[in-house]
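Have the viewer open as you read.

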Amino acid sequence: MKTEPPALPLRRETDLIVRPLSDETLVYDLARDTAHCLNATAAAVWCRCDGRTGVSELAAALRLECRITADEDVVWLALRQLQKARLLQARVPHPAVAHRSSRRDLIRKLGTAAALPIVMTILAPTARAQASDQCTGMDGVQRPCSENPCPAGFMCMQVGPDMACGCVAN
Amino acid sequence: MEELDRLGWAAGLAFVAHGVRVGIRANRAEVLDGLEKRLPLGWRPCAHQRVRHLYSLVAAGEDRANVRHFHVLYADAVRVLRTRDLQSVFSFLEYDLEVYVAEQARRRVFLHAGAVGWNGRAVILPGRTRSGKTTLVAALVRAGATYYSDEYAVIDDKGRVHPYPTPLAVRTGTGDVEKVPVEALGGRAGREPLPVGAVVMTRYQPGSVWRPRGLSSGRAVLQMLDHAYAARYAPERTLAALLQVAARAQMLTGVRGDAAEVARSLLDRVGRTP
C-alpha cells in the first residue's frame, strides 16, 4: 500500500484580476469581491504555485529572486496566507512533523520584517456602504445604520430631512 | 414592471449624468416641480425614451376619513420607499440617484473622498463619513486651495480628478448638516481636471499630532478601492484608474488633530513636489 504524495500548491487562475506593480501584486477576486495586496515575497511564492513545484523549490526560488535567506518556513507562512485569501486552488496540508516557526523566529532568520510574506485583504464595498450611515431610530437616538435591524433583503439608510432610519430594498 | 407601466403616468423626465441615463416619472405632474435641483451635478436632459434606471413615484391623494394615503417610490420594479412625507421621498431620491450615478458612471471612478487643487495638482482625502473630510477640505480651502469636492473625488482613466463642487456639508455643533457654498469660506471651485499630487488617508483624532507616513502603491490602491463606489460593479476599470493615481501621487497616512495645521503642512508638501 502506498500513501498519496502530498499535494503541491497550485494557484487559482479563474475569476481573478491580477495587476503586478513594481514590488507588489494586486489581485481582485471576482467570485468573492475581495481585493488583495501581495508583497514581493508573497507574490513570488504565489506566481510559482503551478502544482508542480514543491515547498523546498519555492524556498530556493525565493532565495534566488528576492535575495532573502528564505527557508521552507517562510514559504509555509506565505502558503497559509494565500490559502486564507483563497488564492490557492486547494489546501496544502502542512506536514505534521514540521515545526511551525513564529513570525518573530522568521524575522530573526530573514534579518528584516519587510521580507516576511504579507497578504493584505479587503472586502470590496458596495456603493451604498460608502454613504452616510448615521440615522435616527424610532426612539429618536442617532446611531449607525448597522445597529438598526432590517428584514432580510432590506438595508438601513437615512430617510428624509430628519435622517430617520428607514429600511429600503437591498 | 409591466404592472407599474400600466398605471397612469402624468409626467416624467429623463436625464443623463456621467454617461448614465436615468428616468423619473410620477402620477401627478406637479410633484416633479423643483426636482431638477436635486439631480446629480453635471446632469443634462436626455431625449432618449430608453433609460437604464427608472424611478416611479406614486404620489398620494388627499386623506379621507379613516383612509391614510402613502407616497410610494419604486426603483425599476422594486418598491423602495413608502411614506406620508413627500420631502422624505425627494431626500431619498436625491441620495439614491447620487449613489447610483457614482456606481454606474461610465468613464469616471467615484471615490468617497474630499478633493482640492493646489499648484496644478489635486489632493484627495478618501474617508468614511464623520472622519473629518469636510473639515479638512474647508481648512485647505481657507489656506488657499481650490475646492473640488467634499464628497466625491471623480477620477478619469488618466488618473485626473474632476470637480464635483457641491456645497460643503458642514456639521454644526448640534450634529445637524448645513450646506455651505465654497464662496462663503472665501474660496472658489476648480474647473479643470487635475493630476493627483497626493492621496491622504487620515481621520480626525482629538489631540493627535500629524505625523504622516508613506504608503506603498499597492496598499494605497487597496485603501482607495475601499472608498470606491464601483469597486464591485466595475473592479477592472476602478483598479485601472486607481493605479494611474498611484503611479504619480504621494501616498500618505496617519491620524490628524487640528485641521488648519494639517492643511498648511499638506499644501507645503504638495507644493514642493516637482
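What follows covers the contact between the chains and then the helix packing within each chain.

This is a predicted model, in which local features need pLDDT of at least 70, side-chain atom pairs count only at pLDDT 80 or more, and totals for chains, interfaces and linings use all residues. Residues are numbered from 1 along each chain as its sequence is written, chains are lettered from A and ligands numbered from 1 in the order in which they are written, and side-chain values use heavy atoms, with hydrogens and water left out.

**Between the chains**

- Chain B places 34 residues in contact with 33 residues of chain A, where contact means heavy atoms within 4.5 Å.
- About 3000 Å² is buried between chain B and chain A, with 66% of it coming from carbon and sulfur atoms; buried area is the accessible area (1.4 Å probe) that two parts lose on being put together, summed over both.
- Tyr95(B), Leu222(B) and Arg232(B) provide 23% of the area that chain B buries against chain A, more than any other three residues.
- Two salt bridges are counted between chain B and chain A (a side-chain nitrogen of Lys or Arg within 4 Å of a carboxyl oxygen of Asp or Glu).
- Arg232(B) forms a salt bridge with Asp33(A), and their closest N and O atoms are 3.9 Å apart.

**Helix packing in chain A**

- Helices are DSSP runs (H or I, at least four residues), numbered from the N terminus.
- The axes of helix 1 (residues 40-47) of chain A and helix 2 (residues 55-65) of chain A come within 10 Å and cross at roughly 130 degrees; axes are lines fitted to C-alpha atoms over the stretch in contact, and angles run from 0 to 180 degrees between N-to-C directions.
- That angle makes helix 1 of chain A oblique to helix 2 of chain A; angles under 35 degrees count as roughly parallel, over 145 as roughly antiparallel, 65 to 115 as roughly perpendicular and the rest as oblique.
- Thr41(A), Ala44(A) and Val45(A) of helix 1 of chain A meet Leu58(A), Leu62(A) and Glu65(A) of helix 2 of chain A in this contact.
- Helix 2 of chain A also packs with helix 3 (residues 72-84) of chain A, at an angle of about 100 degrees and with axes 8 Å apart, which makes the two roughly perpendicular.
- Residues in that contact include Leu58(A) and Leu62(A) of helix 2 of chain A, and Trp76(A) and Leu79(A) of helix 3 of chain A.

**Helix packing in chain B**

- Helix 4 (residues 217-225) of chain B and helix 5 (residues 235-248) of chain B have axes that come within 10 Å and cross at roughly 130 degrees, which makes helix 4 of chain B oblique to helix 5 of chain B.
- Among the residues making this contact are Val221(B) and Met224(B) of helix 4 of chain B, with Leu239(B) and Leu242(B) of helix 5 of chain B.
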